[in-house]
Amino acid sequence: MLTSVLAWGLPPVQADPPPAPRIPLAVGLLVTTAVAEADGDYESRKRLVGRDDEAWRLDYQASLPVPGGPPRQLASERRLHDADLASARTYRNRFEADTEEDYPGTTALGASRAVLDELETAGVARFALVGEEGWLARAGVAAGAAGDFAAALLANPNVAFKGELRRQSTGQLTVLVNGQPAALPVLIASGRFTARSGRAIDAELQLLRDPANPLALQWRIGDARLQVVRIDFPAPRPALAQTLKAQRRVVLPGLLFDFGSASLRPESSAALPAIVEAIRSAPAGVLSLEGHTDSIGDGARNQRLSQARAEAVRAALVAIDPALAARLRAVGLGASRPVAGNDTLDGRARNRRVELVLP
């Protein structure tokens with residue numbers, strides 16, 4: 001007869017955690033970044049939409065905070081040259097509105113392979129930052145810079161801060177990958193970077209430890225902090241219908257909304273057919289589409305937003321198959337049922353969701 005290890009006073013064998021998913025450079029890769037503001041998390045999205053013989057085409061969409069007004073929508077397209085992904089030293093995270101951008105010698109998704117390799121092997125790498133005007137200006141002010149310095153950053157899209165990244169440690173960062181939380185391996189590096197004017201800022205980056213795709217997953221510039229909270233890419237996924245049958249509820253992947261909005265973004269259309277199939281194969285009865293938010297802001301407003309988002313998903317599904325109108329009801333639950341802490345960017349990203357629930 002087998003004896004339990006517990007009978008010998010030994011700890012039970014722990015199952016190995018699932019391996020971290022590989023994040024491919026591929027058409028359809030969508031990287032969602034959030035920055036925390038007082039009234040909520042503002043997001044930007046970078047999506048690889050195609051490529052030619054030597055470069056990728058990157059589509060950029062952002063909802064940027066405007067004090068006292070609605071968010072400013074920014075859209076752009078940029079070329080990412082293969083040679084720069086291999087060896088560039090400048091990370092250009094600033095995008096210009098409504099234009100086709102091409103900046104040889106820079107990256108836009110993270111560091112180059114050469115920079116990651118030097119950090120892994122030598123612990124130091126030359127590096128430069130050209131950043132989105134708002135957080136660079138705020139970083140300059142936080143560092144004690146005069147107002148004219150902040151104004152110069154806002155006016156000049158080519159202010160580069162140069163210095164060295166030095167490896168500090170390694171670890172893991174939780175990101176929603178194709179709708180599921182995943183602990184991704186990161187290398188943490190920091191440095192002090194100086195502009196030609198002599199002004200300096202401190203920065204820290206957490207880079208994905210993948211030589212083929214060293215994405216920047218989190219960065220701090222002065223007091224500004226940005227973090228990748230979602231990564232989506234074309235890949236085989238467990239059938240929604242199977243997950244729904246086994247668990248009675250499922251978080252719907254691939255649904256994207258702008259800050260404070262109930263309008264589904266165009267990128268969401270790719271996820272809708274699989275949701276329709278899951279509903280068609282579900283047992284008879286009325287299924288619920290439950291909208292959820294994070295806890296930032298007024299509770300009543302969050303409840304209304306969650307209801308409106310659930311109704312928007314229902315309308316999109318019924319537009320594909322009108323017969324689903326009799327099988328779906330929309331419910332808004334606001335921030336009342338979190339699945340993660342609301343004190344972190346990734347936790348709030350997990351809480352902003354729409355679930356499909358069996359009766």
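Which residues does Asp321 touch, not counting residues up to four places away in sequence? I began my notebook with this, and I found Val276 and Arg280, leaving out those up to four places away in sequence, where contact means heavy atoms within 4.5 Å.

Before going on, I noted that this is a predicted model, in which local features need pLDDT of at least 70 and side-chain atom pairs count only at pLDDT 80 or more, while totals for chains, interfaces and linings use all residues. I also noted that residues are numbered from 1 along each chain as its sequence is written, and that side-chain values use heavy atoms, with hydrogens and water left out.

**Entry on Asp321**

I placed Asp321 in the loop between α7 and β16, taking helices (H or I, at least four residues) and strands (E, at least two) as DSSP runs numbered from the N terminus. Its relative accessibility is 14%, so Asp321 counts as buried; buried means under 20% relative accessible area, exposed over 50%, and partly exposed in between, with a 1.4 Å probe and protein chains only.

**Entry on helix α6**

I then looked up helix α6, residues 272–280, and listed its buried residues as Leu272, Ile275, Val276, Ala278 and Ile279. They lie on the same side of α6, because they cover an arc of only 160° around the axis, the arc being that of the directions from the helix axis to the C-beta atoms. An α-helix has 3.6 residues a turn, so residues three or four places apart point the same way. The buried residues of α6 pack against α5 (240–247), α7 (299–320), β16 (328–332) and β17 (353–357).

For the pair α5 and α6, I read a packing angle of about 45° and axes 8 Å apart; axes are lines fitted to C-alpha atoms, for helices over the stretch in contact, and angles run from 0 to 180 degrees between N-to-C directions. The two helices α5 and α6 are therefore oblique to each other, given that angles under 35 degrees count as roughly parallel, over 145 as roughly antiparallel, 65 to 115 as roughly perpendicular and the rest as oblique. On the side of α5 the contact is made by Leu240, Ala241 and Leu244, and on the side of α6 by Ala274, Ile275 and Ala278.

**Entry on Gln303**

Gln303 is in helix α7, and with a relative accessible area of 34% Gln303 is partly exposed. I noted that Gln303 and Leu333 are 30 residues apart in sequence but 5.7 Å apart in space, C-alpha to C-alpha. Gln303 also touches Gly332 and Gly334, again not counting residues up to four places away in sequence.

Strand β1 (residues 30–37) is largely enclosed by the rest of the structure, because six of its eight residues are buried. Six bridges join β1 to strand β13 (residues 224–232), and these run antiparallel; two strands pair if DSSP finds at least two bridges between them. Val31 has Ile231 as its bridge partner in β13. With strand β2 (residues 40–51), β1 pairs in the antiparallel sense over eight bridges, and there Leu30 has Arg47 as its bridge partner.

Strand β8 (residues 124–130) is mostly covered, with five of its seven residues buried. Strand β5 (residues 90–92) runs parallel to β8 and is joined to it by three bridges, with Tyr91 opposite Leu129 in β8. I found β8 and strand β9 (residues 161–177) paired in the antiparallel sense over six bridges, with Val124 opposite Arg166 in β9.
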